[in-house]
Amino acid sequence: MKKPRIYTMSFASVYPLYIQKAEKKDRTKAEVDEIIFWLTGYDKASLQQVLDQKTDFETFFAQAPAMNPNASLITGVICGYRVEEIEDKVMQQVRYLDKLIDELAKGKTMEKILRK
């Protein structure tokens with residue numbers, strides 16, 4: 001079976017779109033980064049390395065230092081799919097990140113977004 005296109009897209013090509021989406025709603029790049037750090041365990045230096053190397057999404061999530069165990073608390077619909085029901089692990093992780101960025105853009109507090 002052919003892999004979804006998102007798997008081979010570089011994270012660096014989508015990252016500016018996450019920032020743009022957040023900034024349109026008066027949120028910040030720092031908040032986008034905080035979400036990425038919380039979900040994946042990357043830090044500023046390792047995220048920059050991912051961006052510089054144009055790492056694809058599949059590798060980005062496969063090499064994530066520590067996926068947050070609270071990621072399973074992320075629920076809801078994104079792109080017409082319930083994130084908690086997506087069976088493909090990588091696709092679910094991509095959608096988790098999409099959902100968190102959406103919540104940021106919709107004005108939720110960081111405390112709620114990060115499931116604290």
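Select Leu100; it lies in helix 6. The model is a predicted one. Leu100 is buried, with a relative accessible area of 0%. Show its surroundings next. Setting aside residues up to four places away in sequence, Leu100 touches Ile35, Trp38, Leu39, Ile74, Ile113 and Arg115.

**Zoom out: the whole chain**

Colour by secondary structure. The protein has 7 helices and 2 strands. Read from the N terminus, the order is α-α-α-α-α-β-β-α-α. The radius of gyration is 13 Å, close to the 13 Å that the globule rule gives for 116 residues, so the protein is as compact as a globular protein of that length. Show the C-alpha trace alone. Along the principal axes the trace spans about 35 × 30 × 25 Å.

Colour by accessibility. Of the 116 residues, 48% count as buried.

**Helix 3 against helix 6**

Select residues 29–40 and residues 89–105. These are helix 3 and helix 6; their axes come within 10 Å and cross at roughly 145°. The crossing is right-handed. Show side chains at the contact. Helix 3 supplies Glu31, Val32, Ile35, Ile36, Trp38 and Leu39, while helix 6 supplies Gln93, Tyr96, Leu97, Leu100, Ile101 and Leu104. By class, the residues of this contact divide into 10 nonpolar, 1 polar and 1 charged.

**Helix 3 on its own**

Helix 3 has 12 residues. From first C-alpha to last, helix 3 reaches 16 Å, close to the 16 Å expected at 1.5 Å a residue. Which residues of helix 3 are buried? Select Glu31, Val32, Asp33, Ile35, Ile36, Trp38, Leu39 and Thr40 to see them. Now bring back the partners. The buried residues of helix 3 pack against helix 2 (11–24), helix 4 (44–52), helix 5 (57–62), helix 6 and helix 7 (110–113). Gly41 follows helix 3, and the phi of Gly41 is positive, near 85°.

**Helix 2 against helix 4**

Select helix 2 and helix 4. They pack at an angle of about 120°, with their axes 8 Å apart. On the helix 2 side, pick Phe11, Ala12 and Tyr15; on the helix 4 side, pick Leu47, Val50 and Leu51. What classes of residue make up the contact of helix 2 with helix 4? The contact has 6 nonpolar residues, no polar and no charged ones.

Move on to Lys54, in the loop between helix 4 and helix 5. Check its backbone. Most residues other than glycine have a negative phi. Lys54 is not a glycine, yet has a positive phi of about 55°. At 58% relative accessibility, Lys54 counts as exposed.

Now select Thr55. Thr55 is in the loop between helix 4 and helix 5. Is Thr55 buried or exposed? Thr55 is buried, at a relative accessible area of 10%. Beyond its neighbours within four places in sequence, Thr55 is in contact with Met9, Ser10, Phe11, Ala12, Val50 and Phe60. Phe11, Ala12 and Val50 also belong to the contact of helix 2 with helix 4.

Select Cys79. Cys79 sits in the loop between strand 1 (77–78) and strand 2 (81–82). Its phi is positive, near 55°, in a residue other than glycine. Cys79 is exposed, with a relative accessible area of 51%.

From Cys79, go to Arg95. Arg95 is in helix 6. Where does Arg95 make contact, leaving aside its neighbours within four places in sequence? The contacts are Ile78, Cys79, Val83 and Ile86. Arg95 is buried, because its relative accessible area of 19% falls under the 20% cut-off. To end the tour, stay in helix 6 and return to Leu100.

How values were computed
Residues are numbered from 1 along each chain as its sequence is written. This is a predicted model: local features need pLDDT of at least 70, side-chain atom pairs count only at pLDDT 80 or more; totals for chains, interfaces and linings use all residues. Side-chain values use heavy atoms; hydrogens and water are left out. Axes are lines fitted to C-alpha atoms, for helices over the stretch in contact, and angles run from 0 to 180 degrees between N-to-C directions. Helices (H or I, at least four residues) and strands (E, at least two) are DSSP runs, numbered from the N terminus. A crossing is left-handed if the near helix is turned anticlockwise from the far one by less than a right angle, and right-handed if clockwise. Contact means heavy atoms within 4.5 Å. Ala, Val, Leu, Ile, Met, Phe, Trp, Tyr, Cys and Pro count as nonpolar, Asp, Glu, Lys and Arg as charged, and the others, Gly among them, as polar. The expected span of a helix is 1.5 Å times one less than its number of residues. Buried means under 20% relative accessible area, exposed over 50%, partly exposed in between (1.4 Å probe, protein chains only). The radius of gyration is taken over C-alpha atoms; the globule rule is 2.2 Å times the number of residues to the power 0.38.
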